[in-house]
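Welcome! Please take a moment to look over the sequence and the 3D view below, and then read on for a guided walk through a few places in the fold.

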Amino acid sequence: MPTATLFNYSFSLTQPNPNAHVPPTIRKLVIVGGGTAGWMAAMMLADALLPKGIEIEVLESPVVGIIGVGEGSTPWLRGFFDKLGIEEAEWMPACHATYKCGITFDKWSTKPGFESYFHPFASMLDNLTMTQFVHNVNARVQGADVHAHPNRFFIAAKLAEHDMAPKADPNFPFDVWYGYHFDAVLLGQFLQKKALERGVNYRSCHVKEVKLAESGDIASVVIDGGETIAADFFVDCTGFASLLTQQTLKTPFVSFSSNLFNDAAVAMPTPIGEDIPSQTVSTAMKHGWAWKIPLTQRFGNGYVYSSSFCSADEAERELREHLGLLDSDIPARHLKMKIGRVTKHWNRNCLAVGLSQGFIEPLEATALLFIQHTVSTFVEFLEAGDVGEPAKDRYNQRVNEHFEGTRDYIVTHFKTNNRTDTDYWRANASNGNLSEPLQELFRTWLSGRSIVADVTQQKLGKGYPVFSWYCILSGMGIFPESDQMRAPTPKEARYKMTEIDNLLARSALNFRKQKDVLAQIPPKRREDALQIYFW
Ligand SMILES: Cc1cc2nc3c(=O)[nH]c(=O)nc-3n(C[C@H](O)[C@H](O)[C@H](O)COP(=O)(O)OP(=O)(O)OC[C@H]3O[C@@H](n4cnc5c(N)ncnc54)[C@H](O)[C@@H]3O)c2cc1C
């Protein structure tokens, strides 16, 4: 049995410390930008800083819209709302939100038996099946003919398959972790309302100039009409424009385009059906992948593609075909994406949060997690009184490692594909621009050794836990080919899949259809549900 921690969903989001020291130099903080990043940052900073008498003001341009397409989350968003004391029964209906058990990846591999797999969010119940999963996958990598596809080992996969919500009946002793789907525009409006109620100030105004002090710090911003707004600290939430961080402070940007090719997207809604699914579906397309996200009122759909391999018109046509909308006049929204990260998320007296700090393409819906992580870690440093240059270096290293680790996980989706239908997929499979830790992980996996050390001791572990790496590599069928398999030894064949099937089938009886659960969202269960450990 593995001894290392395969998964740990414990929250690192800091609780506000009423006695914590905040540098007296910060009396006023201005957030430029009122997208999801701006309002999430406002809420988290309000929680930590307003009680200390620090003024927070959000400036939002009435002429620049928000990106408005981020509709999926990781389980960490649950911690965001819990920490702010906002119940699901309040925010979910307001944002047309649904529960998310994980993501199905369809058609990313053509290997028989691995054409589709599910990346689950973890559950306490997985403690009863994780050993078997890891054991079987390890045996399969060694060439033993045992079942090693992730879907049959996880309750979340079972729930998603049957459109069930990951909310167990009260008598079921295991908590299931889950994320959400939501309408990004409504989420922004909800958070804005909450932030204003809690004492954040707001102005609808366009920032037309950013002024620097002699020190090189940001002194003030000038808004339409000419008024100057000064502050001690600025938070740049201006989206891809990155007005303060990249345009003004000239913070260098590290592009990820050498191993993440997608740089554009086209999105359009479709009606939701009778049942409401509890998973995101990501389907491989000719030049990228399409998402399908269920909300209470509609599906959000989109195609993320590489403009080096297809035009916007081709992408829109392929998406319409995929959705059965070739004859429909539902309007499509086209977007460009800049993939990579800045070198310094905290530069001088400015923190970049959201798309202004960087973006890894949306395949695993991690952007809101980055917003949370960036702000909560900043609050941690601030409350420790740790604001000098060495502290900023340590801070930036932490955020960068999170970006790199997550980037490598996303890259793995593309690198491990074995499609040969287009240049796009062939280029992804043959791409050698991989980080050293990722190359090492692939070598370890293919040699049949344990990848636990690779993930936990390297930057890779800052993105995804070992359990997720097992899911992606086994789900994509990165095993010896079937003609190279041998009969398992008795030790390798020690776990019976029928027993796991039975356990999950019986467990699933404690869950209900997503549609029924959403009609009456149950109250929060246990405080200790925030901590889930796997060995
Ligand atoms: C195709 C796609 C799919 C995505 N899917 C997901 C997903 O499933 N899950 C996920 O977590 N994330 C996803 N994201 C990312 C997610 O949408 C963003 O991380 C999130 O919405 C935060 O955006 P933002 O607030 O940083 O930027 P924006 O939404 O662009 O907001 C920028 C704000 O800055 C303001 N502004 C700009 N210039 C000025 C100025 N000069 N003066 C004043 N204000 C200004 C604008 O008015 C706006 O309010 C996706 C992104 C894309 C492109």
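## A walk through the model

Leaving out residues up to four places away in sequence, T129 is in contact with F153, I500, L503 and L504, where contact means heavy atoms within 4.5 Å. T129 sits in the loop that links β6 (116-120) to α4 (130-141). Helices (H or I, at least four residues) and strands (E, at least two) are DSSP runs, numbered from the N terminus. Because its relative accessible area is 0%, T129 is buried; buried means under 20% relative accessible area, exposed over 50%, and partly exposed in between, with a 1.4 Å probe and protein chains only.

Before going further, please note that this is a predicted model, in which local features need pLDDT of at least 70 and side-chain atom pairs count only at pLDDT 80 or more, while totals for chains, interfaces and linings use all residues. Residues are numbered from 1 along each chain as its sequence is written, and side-chain values use heavy atoms, with hydrogens and water left out.

**Around the ligand**

How many residues surround the ligand? There are 33, and the closest are V64, I67, G72, V207 and L355; a residue is counted here if one of its heavy atoms lies within 4 Å of the molecule. This shell divides into 19 nonpolar, twelve polar and two charged residues. For this sorting, Ala, Val, Leu, Ile, Met, Phe, Trp, Tyr, Cys and Pro count as nonpolar, Asp, Glu, Lys and Arg as charged, and the others, Gly among them, as polar. Two helices, α1 (36-49) and α9 (367-383), each supply at least two residues of the shell.

| Backbone atom of | Distance to a ligand oxygen |
|---|---|
| T36 | 3.4 Å |
| V64 | 2.5 Å |
| A367 | 3.4 Å |

Taken alone, the ligand exposes 1,000 Å², and the protein buries 96% of that. Accessible areas come from the Shrake-Rupley method with a 1.4 Å probe; for residues, only the protein chains shown count as cover.

**S61 and its loop**

V64 also turns up in the surroundings of S61: the side chain of S61 reaches the backbone nitrogen of V64 at 3.0 Å. A polar atom of that S61 side chain also lies 3.0 Å from the backbone nitrogen of V63. S61 belongs to the loop between β3 (55-60) and α2 (76-84). Is S61 buried or exposed? It is buried, because its relative accessible area is 16%. Beyond residues up to four places away in sequence, S61 touches C205 and H206. S61 and G34 are 27 residues apart in sequence, and their C-alpha atoms are 7.7 Å apart in space.

**The nonpolar cores**

A nonpolar core is a set of buried Ala, Val, Leu, Ile, Met, Phe, Trp, Tyr and Cys residues joined through side-chain atoms within 4.5 Å. The largest one has 136 residues, and I31, L45, W91 and W469 touch the most other members. Helix α1 gives the largest share of this core, eleven residues. A second, separate core of 16 residues includes C205, I229, L244 and C350. Setting aside residues up to four places away in sequence, the contacts of I31 include A41, L45, V58 and V235.

T374 lies in helix α9 and counts as buried because its relative accessibility is 0%. Apart from residues up to four places away in sequence, T374 touches L351, A352, V353, Q357, Y395 and V399.

A365 lies in the loop between β22 (358-359) and α9. A365 is buried, because its relative accessible area is 15%. Its phi is near 50°, a positive value in a residue other than glycine. Most residues other than glycine have a negative phi. K107, in the loop between β5 (102-106) and β6, has a positive phi too, near 65°.

**One more loop**

Finally, L434 lies in the loop between α11 (423-430) and α12 (436-446). L434 is buried, because its relative accessible area is 14%. Not counting residues up to four places away in sequence, L434 touches N259, V411, K415, Q439 and F442.

Terms used. A polar contact is a pair of N or O atoms within 3.5 Å; within protein, one must be able to donate a hydrogen and the other to accept it, and residues adjacent in sequence count only if both atoms are side-chain atoms.
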